[in-house]
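Dear colleague,

I am handing over the structure that follows, together with an account of what was found in it. Please read the notes beside the model itself.

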Amino acid sequence: MDLDVFVSAHRAEWDRLDALVRRRRRLTGAETDELVALYQRTATHLSLIQSSAPDPQLTGRLSQLVARARSVVTGTRRASWRDVTRFLTQQFPAAVYRARHWWVPTALLSTAVAALLGWWIGTHPEVQSTIAAPSELRELTRPGGQYETYYSSNPAASFAAQVWTNNAWAAALCLILGVFLGLPVIWILFQNMLNLGVGFGLMSSAGRLDTFLGLVLPHGLLELTAVFVAAGTGLRLGWTLIDPGPRTRRIALAEEGRAAIGMAIGLALVLFVSGAIEGFVTPSGLPTWARITIGVVAELAFLAYVYVLGGRAVRAGDTGDVEAAERSATVPTAA
């Protein structure tokens with residue numbers, strides 16, 4: 001394609017579209033029809049230039065023009081409580097449900113790794129000696145030691161906020177870093193499972209595994225599930241780079257990336273609940289069975305939320321992506 005000839009042939013249309021977009025007064029019916037037609041035509045021109053004769057300056061100018069025209073054509077829509085409701089009842093659970101083939105195996109494998117590390121540490125004193133000195137280990141695991149006082153070392157509200165911030169950041173990192181073929185996600189997961197395995201092994205070797213589980217399970221079930229969901233989604237995002245399926249790699253990454261961003265917001269809410277349990281329930285004076293029951297109920301409620309609402313939304317066609325009207329415009333691509 002001769003770019004100079006193409007520009008000369010269509011410059012008047014682009015200038016006319018720019019003039020209509022900039023017009024401050026209300027457009028007439030005929031002008032609105034003309035605006036829509038020119039917008040569609042210019043979007044096609046942009047696609048042709050990008051695929052046949054890419055020119056950075058011209059591509060940038062037409063991209064801005066198409067974006068401004070699209071905002072005029074579609075109008076500006078403000079977020080409402082309807083959007084919040086739709087996100088919580090459809091988009092977020094649908095995104096988690098769709099990713100279940102990634103995060104469920106991630107959860108099972110990670111739990112197995114943590115259990116294996118815990119068994120290895122708990123049954124090998126020489127491994128324990130590489131973690132800390134015997135006196136330090138006794139201080140960690142004794143009744144009233146650091147493992148127990150950790151959950152009550154700060155005011156409940158402050159501790160819950162700190163835990164929520166740390167866990168939300170870890171989940172966000174799993175989602176964001178998944179684009180690097182998922183390798184950083186595996187490292188973050190391993191670090192979390194190593195920390196869990198160390199506590200499991202040290203407390204079991206001291207004969208206090210029941211105490212450890214009583215402290216971890218109330219909040220840990222929901223907290224770890226959220227981390228597994230984030231990690232599984234991050235791994236799926238990384239795999240999209242390798243195998244985008246029938247979609248182009250750019251479109252696949254855009255769709256999965258938007259769903260991942262929405263999932264980060266939803267998981268922050270889930271981790272807020274687990275942080276509240278960790279801050280107020282775990283260190284409370286409730287019996288161990290009551291604290292664990294609260295954790296199990298929270299976990300089952302989340303799984304029911306995902307599999308019931310999420311499954312229903314997916315069967316209705318929801319993918320967890322934003323609504324079509326809010327996505328970037330897609331234009332035909334020349335063969």
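Let me begin with the aromatic rings, where the count comes to eight aromatic pairs, given that rings of Phe, Tyr and Trp (its six-membered ring) pair if their centres lie within 6.5 Å, with planes under 30 degrees apart counted as stacked, over 60 as edge-to-face and the rest as tilted. The rings of Tyr147 and Phe212 have centres 6.2 Å apart and planes at 85°, so this pair is edge-to-face. The pair links distant parts of the chain, since Tyr147 belongs to helix H8 (residues 146-149) and Phe212 to helix H11, 65 residues apart; helices here are DSSP runs (H or I, at least four residues), strands are runs of E of at least two, and both are numbered from the N terminus. Phe212 has 6% relative accessibility and therefore counts as buried, where buried means under 20% relative accessible area, exposed over 50% and partly exposed in between (1.4 Å probe, protein chains only). Elsewhere, ring pairs join Phe87, Phe92, Phe302 and Tyr305 into a cluster.

Before going further, please note that this is a predicted model, in which local features need pLDDT of at least 70 and side-chain atom pairs count only at pLDDT 80 or more, while totals for chains, interfaces and linings use all residues. Residues are numbered from 1 along each chain as its sequence is written, and side-chain values use heavy atoms, with hydrogens and water left out.

Turning to charged side chains, the count comes to nine salt bridges, each being a side-chain nitrogen of Lys or Arg within 4 Å of a carboxyl oxygen of Asp or Glu. Asp15 forms one of them with Arg61, the closest N and O atoms being 3.0 Å apart. Asp15 lies in helix H1 (residues 3-22) and Arg61 in helix H3 (residues 56-74), so the pair ties together parts that are 46 residues apart in sequence. Asp15 is partly exposed at 39% relative accessibility, and Arg61 is partly exposed with a relative accessible area of 33%.

Glu34 forms a salt bridge with Arg16, with 2.9 Å between the closest N and O atoms. This pair also links distant parts of the chain, with Glu34 in helix H2 (residues 29-52) and Arg16 in helix H1, 18 residues apart. In the salt bridge between Asp18 and Arg68, the closest N and O atoms are 2.7 Å apart. Asp18 lies in helix H1 and Arg68 in helix H3, so that pair ties together parts that are 50 residues apart in sequence. A network of salt bridges links Asp18, Arg22 and Arg68.

As for the overall layout, the protein chain is divided into domain 1 (1-72) and domain 2 (81-324), with bounds that come from an automatic or database domain assignment. The C-alpha centres of the two domains lie 47 Å apart.

The UniProt record (an unreviewed entry) places the feature "transmembrane region" at residues 102-121, 168-189, 221-239, 259-277 and 289-308; its positions are given in the numbering used here, feature names are shortened, and annotations may be inferred rather than shown by experiment. Residues 259-277 are 100% helix and 0% strand, with the end C-alpha atoms 27 Å apart, whereas residues 168-189 are 77% helix and 0% strand, with the end C-alpha atoms 14 Å apart.

With regards
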